[in-house]
Each structure stands twice: as C-alpha cells, then as structure tokens.
Amino acid sequence: MEGLPAGWKKSVGIAMSLQGVSHADARQPGKSPGFSVNWIVGSTELEVINATTGKRSCGSPSRLCKHMFFTRWARLHGKLSTRVPSHGEMPSVYSEAKLVAQTYQSVKQQLFKAFQKAGLGTWVKKPPEQDQFLLTV
C-alpha cells in the first residue's frame, strides 16, 4: 500500500499471517471463545463482550460498537462544522456517513487490493443492513 493520505500509515504484522482467513468457509466458530475483552490505556475497567450478541455481559452495547463510534464521530463533526463552514452537513445514517468519508473509502480500497495482491483473498463483505441505522442521541 503506497501513497496513503496524510494521517494514515501502513502497519505490517498480523495481516501477512492471515492466509485463508478472509474466506467465509475458513472460519470455525466452534473453536472460538464465547467472549472477547477490551480495555483502554489509563482505565482499570475491562469490558467483556459476548461474542454471539456483541453486547456486554450486562446486556448494554459495547463502547466499541458502531453506534458508539458514530455518536462520538457526530459530536466531533459538530464541533468541527462550527469552525470549518465548508465541512458540510452530517449524515444521520451510519452507512451514508461512511460513504461520504472519501479518504476512508480510498484507503479501504487500497487495503482490499493489497490483500488480493498478497494472495489473502477477497474481503468478505457483511450484509449492508448492518450499517443502515440512524444516529439517535
């Protein structure tokens, strides 16, 4: 991946050891743990996520879910829009917000091409409905 936009960098490591993982039939869910754990540097709180539901063990959404990221992005976008008049209107649907993020889309396409070039297969796309939700704050 050459010529990435400012603020983006190539990180070499795990991607090159993923031979075959991008194929939908290569996944073996029976061998996966039923949970995942995430943490934030500087915080003592671990977040345990149910791998089946994608929610915390108490039933609330993860701090890493798309809706939480979208909410944080919307707040940041609102602050930036007051400083940069040409910044544009914020989309209220997550999938639309991703589509108008031109730099993100460009880098994503470069990543997909790099995976194919490295023989890692084609990126498995998720159902589009997963990204078609409104921002409700």
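Is D131 buried or exposed? D131 is buried, with a relative accessible area of 11%; buried means under 20% relative accessible area, exposed over 50%, and partly exposed in between, with a 1.4 Å probe and protein chains only. This is a predicted model, in which local features need pLDDT of at least 70 and side-chain atom pairs count only at pLDDT 80 or more, while totals for chains, interfaces and linings use all residues. Residues are numbered from 1 along each chain as its sequence is written, and side-chain values use heavy atoms, with hydrogens and water left out.

The surroundings of D131 involve salt bridges, each defined as a side-chain nitrogen of Lys or Arg within 4 Å of a carboxyl oxygen of Asp or Glu. K66 forms one with D131, the closest N and O atoms being 2.4 Å apart. This pair links distant parts of the chain, with K66 in helix α1 and D131 in the segment after α3 (102–117), 65 residues apart. Helices (H or I, at least four residues) and strands (E, at least two) are DSSP runs, numbered from the N terminus. K126 also forms a salt bridge with D131, at 3.6 Å between the closest N and O atoms. K66 is partly exposed at 26% relative accessibility, and K126 is partly exposed at 39%. K66, K98, K126 and D131 are linked in a network of salt bridges.

A further salt bridge joins the side chains of R63 and E47 (3.9 Å, N to O). R63 lies in the loop between β2 and α1 and E47 in strand β2, so the pair ties together parts that are 16 residues apart in sequence. R63 is buried at 12% relative accessible area, and E47 is buried at 3%.

Strands β1 (residues 35–39) and β2 pair in the antiparallel sense over 5 bridges; two strands pair if DSSP finds at least two bridges between them. The bridge partner of N38 in β2 is E47. On β2 (residues 46–50), E47 and I49 form the covered face, whereas L46, V48 and N50 form the uncovered one. Between the strands lie 6 residues, and G42 in this hairpin takes a positive phi near 90°.

Elsewhere, F70, A74, Y94, A97 and L135 make up the largest nonpolar core, a set of buried Ala, Val, Leu, Ile, Met, Phe, Trp, Tyr and Cys residues joined through side-chain atoms within 4.5 Å. The elements giving two or more residues to this core are α1 (66–83) and α2 (94–100).
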